[in-house]
Amino acid sequence: MTFRLEALRAEAGDCLLLHWGDAEEERLIVVDGGPSEESYRRLRRRLDALRRERGFADAGEPLPIELLMVSHIDDDHIDGILRLCRQLLDEGNDRSYEIATLWHNAFDDLIGNRADDLRTAARGAVAAASAGGDSFAQDLVRHDTALVVASVDQGRALRDDAARLGFPPRLLVAQADERPRNFGAGLELRLVGPLKAQVEALHAEWEERLRALDRQGRLGDAEAAAFTDRSAANLASLVVLAERDGRTMLLTGDARADFLVESLEGQGLLDADGRLHVDLFKLPHHGSSRNVDRSTFRQITADHYVVSGDGKHGNPDVATFELLFAGREDAGLAGEPFTFHLTYDPEDFRPHRGHPYPLAELRATLDAARQKGHDFTILHPAADEE
């Protein structure tokens, strides 16, 4: 009986394949598609290989994709999915894949009709960052806000393409009494976040702040820039808890930890000690320490931690590993074995804007954790593997 997550090498992005079923009929969910044409080609090669392996190519039939999901509307998640949908739309005779369901929230869906104002404020964030001092801090602002400009349009494009593929737009938010959704063959998916109350609060906050800045003619100034940078991170990703035969995976996209824990608590998924243990925890935002803290890894523990990232923007952050080890100690799990699954060998992590990845610091952190009794393995594909 299959229940496994395959994390493709997607540069600084996410591209995940969830497989489940039995040997005679494995099923597939695709979560995110990476940030570039190359990551899209890697996804296509893998999907085409699965189509052959599962006998659909021999029968001249499409590979069924039970769910195509974009967890978060940033380029490093949505680009490959846009390319995949465009392939199915523009290449009229292409029946390589057949999508049963599509999950996706556009910025317009999350914040209402002021997405264009968000773009204006995002441009202000980039301008303010450019006028600042520290180049690395500037780049973090550019990463979180400059891409918002493109992401508004990408979200709209995917919403339009989805409608042409037969999936009308709808806002996906979790209710406090959310129930798991049955995807067949024993798989249940629970939409954990964003909570409806979180989206409504974000919408109201945006409306109030943007309306005030608009009246003052200040959508492009530093205040709007700071607000955009903070709120861009608050645009909660789709978070899904997958369960089959008592085993669980928590897929978090780019969700921020406080939103994530609030969502889990709001749905009654934390135990009496405020904790949740899962078999697999896909770390949010490529292992960025800006999305987690020590309590995250005390409250959410796992046997397997998946980290998608190639070193760009410093992700995965060394600090995230430190927080994870400390959180497991707080949870009393320092001696329990677990596994890191990285999409790239740390030796191959790329530098970013003149800042080499701090590999020596990472090695020291891992060595110190082992000396304190942490029992872990690090797995990653070889450089020539897909």
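Predicted model: local features only at pLDDT ≥ 70, side-chain atom pairs only at ≥ 80, totals over all residues.
**Stop 1: the open sheet**

Start by colouring the strands from β8 to β15. They belong to an open sheet of 8 strands, in the order β8-β9-β10-β11-β12-β13-β14-β15, and the pairing is mixed. Which strands are at the edges? They are β8 and β15 (376-379), and each of them pairs on one side only.

Now zoom in on β10, residues 239-244. This strand runs antiparallel to β11, and 5 bridges join the two. Select Leu 241 and look across to β11, where Leu 250 stands opposite.

**Stop 2: the largest pocket**

Rolling a probe the size of a water molecule over the atoms shows where empty space is left. In this model, the largest pocket has a volume of about 450 Å³. To find it, select Leu 5, Glu 6, Ala 7, Val 306 and His 341, which are the closest to the pocket's centre among the 21 residues that line it.

Next, show the strands around the pocket. Two or more lining residues come from each of β1 (2-7), β11 (247-251), β12 (276-282), β13 (300-307) and β14 (338-342). Which of these gives the most? That is β1, with 5 residues.

**Stop 3: an enclosed space**

The structure also holds 3 cavities of 30 Å³ or more. Let us visit the second largest cavity, with about 40 Å³ of space. Select its lining, which includes Asp 14, Leu 16, Val 31, Asp 32, Met 69 and Ser 71. By class, the lining of the second largest cavity divides into 5 nonpolar, 3 polar and 3 charged residues.

**Stop 4: rings that meet**

A pair of aromatic rings is described by the distance of the centres and the angle of the planes. The count for this model comes to 13 aromatic pairs.

Select Trp 103 and Phe 183 for one of them. Why is this pair called edge-to-face? The ring planes of Trp 103 and Phe 183 are at 75°, which is over the cut-off of 60 degrees, and the centres are 6.0 Å apart. The pair links distant parts of the chain: Trp 103 is in strand β7 (residues 102-103), while Phe 183 is in the loop between β8 (181-182) and β9 (188-193), 80 residues apart. Both Trp 103 and Phe 183 are buried.

Now select Phe 325 and Phe 340. They form another edge-to-face pair, 6.0 Å from centre to centre with 90° between the planes. Here helix α10 (residues 318-330) supplies Phe 325 and strand β14 supplies Phe 340, 15 residues apart. Are these two buried or exposed? Phe 325 has 5% relative accessibility, so it counts as buried. Phe 340 is buried as well, with a relative accessible area of 1%.

**Stop 5: a partly exposed residue**

Finish at Glu 25, in strand β3 (residues 25-31). Glu 25 has 46% relative accessibility, so it counts as partly exposed. Then select Arg 54, which is 29 residues away from Glu 25 along the chain. The C-alpha atoms of Glu 25 and Arg 54 are separated by 7.9 Å.

Note on methods. Residues numbered from 1 in each chain as written. Heavy atoms only, no water. 1 Å grid on protein atoms, 1.4 Å probe; cavity = no way out; pocket = protein on both sides within 12 Å on 5 of 7 lines; lining within 4 Å. Points joined across faces, edges and corners; volume = space filled by probe spheres on them. Helix = DSSP H or I, 4+ residues; strand = E, 2+ residues; numbered from the N terminus. Phe/Tyr/Trp six-rings, centres within 6.5 Å; stacked < 30°, edge-to-face > 60°. Buried < 20%, exposed > 50% of the residue type's maximum accessible area, 1.4 Å probe, protein only. Nonpolar A, V, L, I, M, F, W, Y, C, P; charged D, E, K, R; others polar. Pairing = 2+ DSSP bridges.
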